[in-house]
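Colleague: I have a new model open and would like to learn how to read it. Can we go through it feature by feature?

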Amino acid sequence: MIFHTTKIFLMSHNYISNMQNSIKESLKRKIPEEWIETREKNMKFITNGRIVDELNEIFGFDGWSTDIMGGEVIFDAPVNGKRKAIVKVHYKLTLTKHNCYKEDYGMGTAYGEDSIENAYKSAASDGLKRCARLLGNRLGNQLYLSDSN
């Protein structure tokens, strides 16, 4: 009976070790050039859709979750005749099967009638990207490295 239990433990340990190595290798991979987009001031980014797809691919659809731990409106006032809102959120990305989480802040700015709601959406998007990049190159950290060009 002890041999059987030991064999199961070793098989389980090998499975976990192989899974961790696979995840580590996936996170080290470079971002495909066609995923990289550019916005004003030549700032490079990958879309939230890509981030979600990669999180699902690497960790499984049930292997991660997100939470907005808090948020605040930093600015809400008319600017040049249009309502402007700036929002900051405290964001948390949890890898549910790995007992690991990453936290960061996201910022969002929006104009118009629904500026606060849209600024919160933008801040949540930014928060997800900022947390995900802490996991590795494939999830956005590559864009922060000076040799990523």
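Modeller: Gladly. Keep in mind that this is a predicted model. Let us start with Asn141, which lies in the segment after helix 3 (115–133).

Colleague: Is Asn141 buried or exposed?

Modeller: We judge that by relative accessibility, and buried means under 20%. Asn141 comes out at 18%, so Asn141 counts as buried.

Colleague: Which residues is Asn141 in contact with, leaving aside its neighbours within four places in sequence?

Modeller: Arg133 and Gly136. Arg133 is itself one of the buried residues of helix 3.

Colleague: Now the helix. How do I check its length?

Modeller: Compare the expected span with the distance between the ends. Helix 3 has 19 residues, and at 1.5 Å a residue they should span 27 Å. The end C-alpha atoms are 27 Å apart, which agrees.

Colleague: Why do some residues of a helix point the same way?

Modeller: An α-helix has 3.6 residues a turn, so residues three or four places apart point the same way. Now look at helix 3: its buried residues include Ser115, Ala119, Ala123 and Gly127.

Colleague: What covers the buried residues of helix 3?

Modeller: The cover includes helix 2 along with strand 1 (37–39), strand 2 (43–45), strand 3 (65–79), strand 4 and strand 5 (100–111).

Colleague: Let us turn to strand 4. How many of its residues are buried?

Modeller: Ten of its 14, so strand 4 is mostly covered. Then look for its partners. Strand 3 and strand 4 run antiparallel, joined by 13 bridges. One of the pairs is Ala77 with Lys84 in strand 4. Strand 4 also pairs with strand 5, again in the antiparallel sense, over twelve bridges. There, Leu95 stands opposite Cys100 in strand 5.

Colleague: And the turns?

Modeller: Check the phi angles. The hairpin of strand 3 and strand 4 has two residues between the strands, and Asn80 takes a positive phi near 50°. The hairpin of strand 4 and strand 5 has four residues between them. In that turn, Asn99 has a positive phi of about 50°.

Colleague: Which residues touch the most other members of the largest nonpolar core?

Modeller: Leu27, Leu55, Phe59, Leu93, Leu135 and Leu139, out of 26 residues in that core. Helix 1 (2–28), helix 2 (48–59), strand 4 (82–95) and helix 3 each give two or more residues to this core. Take Leu93 as a case. Beyond four places in sequence, Leu93 touches residues including Leu55, Trp64, Tyr101, Leu128 and Leu135.

Key: Residues are numbered from 1 along each chain as its sequence is written. This is a predicted model: local features need pLDDT of at least 70, side-chain atom pairs count only at pLDDT 80 or more; totals for chains, interfaces and linings use all residues. Side-chain values use heavy atoms; hydrogens and water are left out. Buried means under 20% relative accessible area, exposed over 50%, partly exposed in between (1.4 Å probe, protein chains only). Contact means heavy atoms within 4.5 Å. A nonpolar core is a set of buried Ala, Val, Leu, Ile, Met, Phe, Trp, Tyr and Cys residues joined through side-chain atoms within 4.5 Å. The expected span of a helix is 1.5 Å times one less than its number of residues. Two strands pair if DSSP finds at least two bridges between them.
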